[in-house]
Structures are given as structure tokens and as C-alpha cells.
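The stops below go from the whole chain to single residues.

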Amino acid sequence: MNEENKPNNPLAFPQPLVNVDGMVGSSFGENLGGMTLRDYFAAKAMQALITEGDRLSTVATEENMPITVTAAKMAYAMSDAMLEEREK
């Protein structure tokens, strides 16, 4: 997936901007830190993948990659697919 057709990837748990005087702003900023929705979806997918250890091990062997790398790639692939579906 290239930069031009990446789906929207907002923060998973955005926090409102707070001014110096304690007043809450009306907009959300990208640089508030924290987990993006893509990371959140990938973490949830990772939980499911780990429960399928035998299948994950088989795929890792077929791809000739460490199981951890395989799990991460699969989790983010699922996350990207979920973000794409959100855009429809």
C-alpha cells in the first residue's frame, strides 16, 4: 500500500486539546501521542493470531520467517484491511 492510497488512520483514543488556562479546545491534534487506530487493530489481531499458534507456526515456516515477524506482518495486514473497510 503506497502513501497515496493509505486509509485514514486516526488516533485510537484521541484526547481533546487543553489550552494553557485549562480550557478544552474543540479540535483533535495528530501530535497528541498515543496509539493509532492501525496499531490498536493490529494489537487486537495479534491476540487472535497468538491463539492459533500451530497455524502461525506453519505460515512462518512456509514464509521462512521468524514466527514473531510473521505474526506482526499478519496483524498489520489485517489492520490495514480493517481500515480500508472503514473507508467504504
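Helices here are DSSP runs of H or I with at least four residues, strands are runs of E with at least two, and both are numbered from the N terminus. By that definition the chain reads α-α-α along its sequence, with 3 helices and 0 strands. Note that this is a predicted model.

**Whole chain.** Select everything and colour by accessibility. The chain has 88 residues, and 22% of them count as buried. Its accessible surface comes to about 6500 Å², with carbon and sulfur atoms supplying 54% of that area. Among contacts with a separation of 6 or more, 56% are between residues 24 or more positions apart.

**Helix H2.** Select residues 53–63, which form H2, and show the side chains of Leu56, Val59 and Ala60; these three are buried. Look down the axis of H2: the buried residues fall within an arc of 100°, so they line one face of the helix. An α-helix has 3.6 residues a turn, so residues three or four places apart point the same way.

**Thr70.** Move on to helix H3, residues 67–86, and pick Thr70 within it. Is Thr70 buried or exposed? Its relative accessible area is 2%, and the cut-off for buried is under 20%, so Thr70 is buried. To see its surroundings, leave out residues up to four places away in sequence: Thr70 then touches Leu56, Val59, Ala60 and Met65. Leu56, Val59 and Ala60 are the buried residues of H2 already on display.

**The aromatic pair.** How many aromatic pairs does a search of the whole structure find? It finds 1. Select Tyr40 and Phe41: their ring centres are 6.4 Å apart and their planes are at 45°, so the pair is tilted.

How values were computed:
Residues are numbered from 1 along each chain as its sequence is written. This is a predicted model: local features need pLDDT of at least 70, side-chain atom pairs count only at pLDDT 80 or more; totals for chains, interfaces and linings use all residues. Side-chain values use heavy atoms; hydrogens and water are left out. Rings of Phe, Tyr and Trp (its six-membered ring) pair if their centres lie within 6.5 Å; planes under 30 degrees apart count as stacked, over 60 as edge-to-face and the rest as tilted. Buried means under 20% relative accessible area, exposed over 50%, partly exposed in between (1.4 Å probe, protein chains only). Contact means heavy atoms within 4.5 Å. The arc is that of the directions from the helix axis to the C-beta atoms. Accessible areas come from the Shrake-Rupley method with a 1.4 Å probe; for residues, only the protein chains shown count as cover.
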